[in-house]
Amino acid sequence: MSAPRRGATVRAAAVLASVLCFPAGRAAAQACPPNFRVAATVGTAGATVLGAFDFDRDGRVDLLLRADGAVRVARNAGGSFLLGSPISTGSVAVGDFDGDGILDVVAVQGAGSASTVFFFRGDGHAGFAAVSSFPAAASLSDVVAGDFDGDGKLDLAVWAGGSDVWIYRGDGHGAFGPPYVLHTSASSVSRLATLDVDSNGRADLLVSGSAGFGSTFIATYALGAGGIFVATTGPDAGGNQCPFDLAIGDVDGDGHPDAVTVQRYLGGCPNEIRTFLVRPGTPAQLRQPATSLWSPVLADFDGDGHMDLAAVQGSLYGVPTALAVQPGDGSGAFGSEIVFALPDGVVRETAALTAADLDGDGRPDLVLSGSPALPALVLLNVCGNPHEVAAPGPALPVRVRTRP
């Protein structure tokens, strides 16, 4: 999933129903043309989906979202979503932190120069109970979970303001040791992510940040000798004055998740897609031109066995223009755009896409969320399924246009 930067349903459905879709350029081979229909809305206006997980272990993927200022679970009831009680108002990470096979939540909530880290134990029914907490002498935010030391227990990385990231090692029972303070090369951090860039079985830390006015990049850190985190080779994104968003997935089918960034024009930077292929030994980086893209996600939308790229598309100074899907070729490159217009009310800078199989048919669907005037919109993938296309709810017709 791609989260937004820090920080009327019937009408929207009608707009999506009248959309035309067309690819531009040379298309990759497809098992079926991607297509979507509006199937449900989740939460209130402005709700933002943070991730997709099966919290209640019923075989259906639920949604974790921020709605009305609080993080909640939206349980998948097989066509509709039921909002649960608030869990936290802070940043959250999801994982099995206590080793019982049930998903838990860790939340960080800050006030001024102090914060509290909470451990919420999951009950396997989409419920969570706060069982422990500890204070932190910093304003913490943007937490991610990963096994940084390879001991099989989830750890935490949290932005502590400025250039510092605090890393807490988990004990496998829901508790965490004292923080290791990582001084990064960023003057400020905008996002944290994890990726095993060297294929050694340990999560490495990706720090998206800036190093002064107009400079954006990704710095990568791995656990080195003596328990010290050191800078290492990894995705570098756009570099000087090139804003970008990040998605992670196995785009070349070798079993190792890779990183894909979409870079947008600003100050002379080209619109392009940059792919960082994780490989034992020497990683590879690919670049290809693109339109202006935001909030990328990776999934096999067309059923050909290769990861595809979906993102919000828009002009530099205008409103978003489309939802773009580009089929992957299995080597890390992406083919022609298949473009779906967006409903009125979507704001490009806050729009977030989430990819997950929400109806259990084996095809990844999309959730478009984060726009202030709209609830989250569930777009079911009807690729190659005539029954789904004919089902209630507006479907998106397809028309082909080729760009030289």
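**View A. Thr194 faces Leu205 across a strand pair.** Thr194 sits opposite Leu205 of β16. The strands here, β15 (residues 188-195) and β16, run antiparallel and are joined by seven bridges; two strands count as paired if DSSP finds at least two bridges between them. Strands are DSSP runs of E with at least two residues, helices runs of H or I with at least four, numbered from the N terminus. Keep in mind that this is a predicted model: local features need pLDDT of at least 70 and side-chain atom pairs pLDDT 80 or more, while totals for chains, interfaces and linings use all residues. Numbering starts from 1 along each chain as its sequence is written, and side-chain values use heavy atoms, without hydrogens or water.

**View B. Strand β16 is covered on both faces.** Seven of the seven residues in β16 (204-210) are buried, meaning under 20% relative accessible area (1.4 Å probe, protein chains only; exposed is over 50%, partly exposed in between). Asp204, Leu206, Ser208 and Ser210 line up on one side, with Leu205, Val207 and Gly209 on the other.

**View C. Cys32 and Cys383 make the one disulfide.** The structure holds one disulfide, a pair of cysteine sulfur atoms within 2.5 Å. In the Cys32 and Cys383 pair, the sulfur atoms are 1.5 Å apart. The S-S torsion is about 85 degrees, so this disulfide is right-handed. It links distant parts of the chain, 351 residues apart: Cys32 is in the loop between β1 and β2, and Cys383 in the loop between β30 and α2. Both cysteines are buried.
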